Amino acid sequence: MDGFETKRGYDRNPRVVRDRRLGRSSSAWARSFAADDVRPLIVCRGPIRKEAMDVFAQMGIEHYGILLSEKDSIVYTHALAPELRCIHPAHVHRVKDYTGATKDERVKLMQEIVAIARAGGYTHVFAGYGFMAEDGEFVRTLEEAGLVFIGPRSSVQRAAGLKDEAKRTALAAEVSVTPGIDDATRRIVLRKWPDHAALRAAAADRGLLDAGAPGAPGAAGARLADGIPLAEAADALLAAAYAQRVDLYTTDELCEELERGAAELLARHPGRRIRLKAIGGGGGKGQRLLAGVAPDAATLEAAARARAAEVPALAREVLAEVKAAGVGDNKNILLELNVEETRHNEIQLIGNGAWCVALGGRDCSLQMHEQKLLEVAMTQEGLLEAIERARAAGEAPRAASLERERASLARMEAEAERFGQAVGLNSASTFECIVEGDHHYFMEVNTRIQVEHRVSELCYGLRFENPADPADAFEVTSLVECMVLLARHGERLPRPIRVRREESAVEARLNATNGALEPHAAGIIVSWSDPHPHEIRDDQGICVKNPDTGVFMHYRVAGAYDSNIALLVTYGASREEAYQRICEILRTTTLRGSDLHTNLLFHYGLVHWFLARSVWAKPTTGFVVPYLTQVGLLAVELGGLDFDAMWAELGARHERRLAARAGAAEATGGGALKKVFTLKDTLVRRPVEKICAEPHLLSAWLSRNMGSFEIRSGRVRWLKNPIEVLADTYWLLNMTPQPQAPAAHVIWDHDQEVLSRALGFYRRVGERMGQAGGAPSWPELRAHLSGDTAPHGYDAELWRRVRGSHLGFQAGLELLDALVLAGDAARFFELHAREDGTVAIPERLLDRELSARMRKVLAPPPAMRANEIVAVTGGMFYAQEAPDRPPLVTKGSHFAAGDPLYVIEVMKMFNKVLAPCSGTIEEVLIDGGEGTIVQKGQPLFRVKPDEVLVEEDSAERARRRRETTLRYVDAIFDAEGA
C-alpha cells in the first residue's frame, strides 16, 4: 500500500499493486524505472512540502533537503515549519523569502539556490505548487546549471505558463478561448515602431539585435527580418528585451493601452464586465474586475471610455500584487470578457513531451476572492453511473443535465490533451476552463501540480506497461511520484493507461479565515483531533506529534503566506458517499486554539446545503458570496431573538394552557411543568444556543432537517418527532457521549438520561400501535397521543400517564420551532437547486450593499472610536496602490464613504480597504507606507467624521428583541395549540 496514504489516513485501497521502491519482486523492466538515485531539493512550503517528503522517502529517496525562509522560521517557537521535526538539520537550508523579493533579489536568490544544490549534492529541484513552480526564468536557471526541475521544463513554462502565450497556443490547437485582448504590450510596440525597419532600429538602439529569449531560435535581429510576420517580430523584440531586462514601454504606456482596449471591449459588449489578468498570476492573484456599461446607455462609446478610465489604477494594483512592476519585467495584462454565470472546471494532465494523458476533471466552482474552497472530482465513469441512477429514479431532467456534463467533460479532456501535445508537456499541469451552460472556454494552464491534485489521483492511477509484454506493468497512484519518474526517466516512459481507483473524491481547504471568509492570521492551534478513518489530511506536518511525549505541539498560523492550514480530502463509491464522508470528517474534527479562526464551520454548512439539495448541483463561481449573504441574514434573525426570554415565556404559556385544560388541577399541573422545564433546561437550550452562536451551524441544521418539517401559515408542522430531531442535533454538533471529551463539549449525563427515556418512550408507544406497515409516522403518532379517550390496550389511568409523559417530553422543544421560523424569516430555503442542477439565486442575495453588510455581521469589524480608523485585520500596510503612486490619503485629505483609504496585504493577497464613513484625515498614525506590519484593531488614522454617529440605546435594542421574541412565541402557540 502507499505509505504516505497510510500515514495520512488512507490505508485501504486494494488497487495499489506496486511497491514504491520497485524492489526485487518487480521485473527487470519495472526496476529500470527506479528513482532512488534522485536527490531532490524542495523549494516550496505548505502541505505539498510535507507530502513530497513522504513520497520521496517511500520511493527510496533518502537524500533530500528543503529551503527554509526567514518567514518560515520567524515564529519557530510555535513551529511554523513543523515538518522540520522529520528531517536532518543538515538538509535544511536557510534562504531569504523568494516571493516578496524584487527582480534583482530574485535573480540573486536563484543563483543562491543553485549554489545550495551543488554544495548539498542535490540533482533535482521540486517546487510543488509554490511561486517558483511556474517561474520560467527560475526553471531555465536550473537547467543552465545542470539541475533537473521536477516539473514542466522552461520551454513549456514559456509556451503554456504565461497566459498570453498560452492563449495563442490554444487558438493554434483549436481550443476554445475567452474573447478578449491578450496583446497589449505588442500593440504598444507596434504603435511606437510600426514596421520592421523601426523595430530593428529600436533593437539596435538598445543593444538587443544579438540578444534573444532563452529557448527561442536565434538572436532577435534574425527574427526582425522583413519576411517575418510583423506581430511575430514585435514579440521577438519584446522577448529579447525581457531577457536583457530592458523596458520597451513604461507602466503609464501600458495603462493607456489597456484603457483603450477596455473601452473597445466595453463598447462592443455592453452589459459585460471585463477581467484584468496578469500573465504570471495564479491562485487568484493578479486579477481585477471592471464593471460593464449599461446596454441602454445614451452614448455607449462615451460611457465605455468613462468606465475604462478606472483601468490604470486596477492595472497598477495587479502589477504590484504579482511583483511585476520592476525594470525589465513582463508587464503584459490580459483583458477578457468576464463570463458571469460561470463554473470553473479543470483537467489534470500528465505528459512526457511525446504523449499527454488527461486524468479526469475537477469542479472548482466553489470559491471566493478567486480562491478555491471545495473541489470535487469529475470523471466519465462517475457521470455515467449518476446518469443511470437518475434514469432509474425517473429523474429525466437530471439525467439529461448529467449527460450534457459528461459530453462537456469529454470535450475538455480532448482539448487538454491536444494543448499538452502542442506545448510538449513533460510533467504535471492543469488545463483550466470556465464553463457557461454547455459551452466552455480555455482560461489558462497551471504548469505545476495543483493544490487539489489529490482529488484526481484518488480517482485515477497510471498503469505503465512494458511495450514488449503488457502483463509486465506497474501502477503509479501519486502525481508527485509520477513527476519524479518523468524527471528521471521521462522519454523512456511509455504512454500509460489510466486506471480507475475510487469512484469519487472531494477536498475541502481548511483556511485561516473568519466567518466571512476573510483572512485571519496570528492565531495559535493548541489541539487538533486525529484524522478520521476515511480522511487524508495534508496539514504540512502540523499534526505530527512530539516524538518524545506524543503530544500535539502548538502551531501559530502566520500571515506571511496564503491562508491555507490543511487540505481535508476523502473519497467514496459515489459522489454522494464522498460528500457524506467529508461531512462526517468536518463533524468530528475538533480544532481549538487562541485567537483561532478557520472556515471549518463554513464548509460544514456548505456541504450540508448540497447534501440536502443535490451533490450534482452546478453552482457558479458566484455562488459563495450570495450563500454567505444568506448565512448573514440567518445571523441577523438570530440576533433579534432573546432565547432566555423565549424559554421563560414558553414555560409560562405551557402552564397557562395546562391550567385552562385541567381546571382544578392547575396547581398540580403547573408545578409538574415547572419541574419539566427545569429538568430539560440544559437538554434543550445547550444545543440550540450553540447553533445560535454560529450561523454556519444553523445553515447546516436547517439543510439537514429540510425533510423533517413543513411550514404552513407561518407555523411549523413537524413530520419527524422533535425528540428525534433533538437527538440528531446533538449528533450534528458532535455533542454525543464521548468518554474522553470535556463535559463542556458533549451532552451531560442527566440530559442523556432524559433523552434516552424519551426516545424509548416513543419507540414503545409506536410498537403498541402495531401498524402493519411498520413504525408510524410522527403525525400519526402525534394524532394517536392527542385522543382524550384511552385506545384499546390502555386503561384510563395508564392513558393519562402516557399522555402526561408525552406532554412532558415535548414541552420546551418549541425552541426547535424557533430555529425553523428564523430560517423561514431569513428566506433561507429560497436559495435552491433546480431539477437540471443549476442553482437558483434570489436577486436580493446579489445586492452588493447587502452582501457587504452581511460580511460585517459574520465578521464584526474591530471596535474603534468615532474619531479613528483602525486596521480591519493584521497584515502588511501600504499607503498607496503601487510603489510609484502617491498615498491614497494624507493629512488633511477629505474622503467619502466607500473611498479607498489604504491597502493591506494579508496572506499574499492585496485588499483595498474602503472608508466606512465620510470625513477628514486629521493625523496619519502609522510611519511608512511600504509593507509596514500592523495588527487588527491598530489605529491608522485620526479622523474628523462629517457626521457624528449616535449609538443606539441599549434599552431600545432590548425592547425590540423582546418584541421579536414574543412574535415568535405567538407563532408557536397559535389557536390550534403547541
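Let me start with the hairpin of β13 and β14: 2 residues lie between its strands, and Gly-437 there takes a positive phi near 65 degrees. Strands here are DSSP runs of E, at least two residues, numbered from the N terminus. This is a predicted model, in which local features need pLDDT of at least 70 and side-chain atom pairs count only at pLDDT 80 or more, while totals for chains, interfaces and linings use all residues. Residues are numbered from 1 along each chain as its sequence is written, and side-chain values use heavy atoms, with hydrogens and water left out.

Strand β13, residues 428-436, runs antiparallel to β14, and 7 bridges join them; two strands pair if DSSP finds at least two bridges between them. Val-435 stands opposite His-440 in β14. Strand β14, residues 439-446, is largely enclosed by the rest of the structure, because 6 of its 8 residues are buried. Buried means under 20% relative accessible area, with a 1.4 Å probe and protein chains only.

Now the rings. The whole structure has 28 aromatic pairs. One of them joins Phe-709 and Trp-718, edge-to-face, at 5.8 Å centre to centre and 80 degrees between the planes. Rings of Phe, Tyr and Trp (its six-membered ring) pair if their centres lie within 6.5 Å, and planes over 60 degrees apart count as edge-to-face. Phe-709 and Trp-718 are both buried. Elsewhere, ring pairs link Tyr-579, Phe-602, Trp-609, Phe-610, Phe-623 and Tyr-627 into a cluster.

Last, charges over rings. Arg-492 lies over the face of Phe-33, 4.3 Å from the ring centre. The criterion for Arg is CZ within 6 Å of the ring centre and within 35 degrees of the ring normal. Arg-498 lies over the face of Tyr-460, at 4.4 Å from the ring centre.

Definitions and conventions:
Buried < 20%, exposed > 50% of the residue type's maximum accessible area, 1.4 Å probe, protein only. Helix = DSSP H or I, 4+ residues; strand = E, 2+ residues; numbered from the N terminus. Phe/Tyr/Trp six-rings, centres within 6.5 Å; stacked < 30°, edge-to-face > 60°.
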